Amino acid sequence: MNEDQFRNQYKKAVDTMKSNETMKQGLVNKMEQKRRPRRMAYLAASLLVAAGIGLAGPDIMKKLNGTSAPGQVAQVDPGTPATGNSAGIVIPKIELPDKSTGVAVDMVGLVVYKGNIYTQAATRIDAADAAALRGEKLGRTTSGIDEWSSKDQYTELASNIGETDIYAVKGYDSGFTVMSYTEADGQVFAELYEHTNGITINSGTDLFGKLNLEGHIASAKWESFSSWNNGQQQYLALPEGAARDGFLAALMTAKPLAAEPLTEQGIYDSEDRKIIYLELDNKARVELTLFGQGLVRYGTAPVFFEVESGAFQALWNSMKP
């Protein structure tokens, strides 16, 4: 089964949840057992994000290394930054696909909540740990959003993830993070969604500050690019100490940079990258990609962060095989 077939069967299983529960559960179980290598998952996610907003084939391939779609090209805020602050970066709202183009596309998982599109988060949570994070119920999604939906179908709680309950997440702002949560036949299906479009970022705090990192990191590890790229999952401990603490503090004051110029200049052509994984005391796992030139990126939001060089290098140099 190739990636397209896998994705299509999974989506169909969720959409037919009510009409044929037995079939759906069996297929979902099968899909959950079919874990993809890390790199494949990453590429698939990038592809889905790009495709979800209507890119043509060649552009999709061009974007696989992490840049976002034309509708999400971040721009420098034309306003005057406050003294001591860098210029803000404006991430526009996701542009919905124009079905008149006739481009057949798939989509990243999304939920519409309070007029904003929340997409699958770069922060992960295991199903077994989701219940403890479940906050106030916010509503129940309707299914039916697909690659051919028009803008007027993106109504409140519309989604492409089937019908499921949506909850706030304890310790997080529901204006940024929500959770889908369903229990079926004793199994939990949960996923985090984040609102990372239609916002302005003036510093690392405007993104990383929403991830609940400060004072909540239970453990940390890192992975070389080679390991990540080959799905080897060769993790090494990222010990506590001044290097880690200094980096995390500097992350909050990091300068945001629009992603598009950096990707156009070939930042993803280099393998000078390391990936760090921060597990929080609530069991959520935050993944950050570090680039050798002193930059950090989270998820697929079209923004990089330039971290103070001393703090960045101290952490970078501490990560040796």
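This is a predicted model: local features need pLDDT of at least 70, side-chain atom pairs count only at pLDDT 80 or more; totals for chains, interfaces and linings use all residues.
Local features are taken where pLDDT is at least 70, side-chain atom pairs count only at pLDDT 80 or more, and totals for chains, interfaces and linings use all residues. Residues are numbered from 1 along each chain as its sequence is written, and side-chain values use heavy atoms, with hydrogens and water left out.

**The helix pair**

Helices (H or I, at least four residues) and strands (E, at least two) are DSSP runs numbered from the N terminus. Helix 8 and helix 10 pack with their axes 8 Å apart and at an angle of about 140 degrees, where axes are lines fitted to C-alpha atoms, for helices over the stretch in contact, and angles run from 0 to 180 degrees between N-to-C directions. The two helices are therefore oblique to each other, since angles under 35 degrees count as roughly parallel, over 145 as roughly antiparallel, 65 to 115 as roughly perpendicular and the rest as oblique. The table lists the residues in contact, meaning heavy atoms within 4.5 Å.

| Helix | Residues in the contact |
|---|---|
| Helix 8 | Ala243, Arg244, Gly246, Phe247, Ala250 |
| Helix 10 | Ala311, Phe312, Ala314, Leu315, Ser318 |

An open sheet is formed by 6 strands in the order 3-4-9-8-7-6, with antiparallel pairing; two strands pair if DSSP finds at least two bridges between them. Strand 3 (110-113) and strand 6 (134-140) stand at the edges with a single partner strand each, so one side of each is left without a neighbour in the sheet. From one strand to the next, the twist averages 35 degrees. Strand 6 pairs with strand 7 (residues 165-169) in the antiparallel sense over 4 bridges, and Asp165 in strand 7 is the bridge partner of Arg140.
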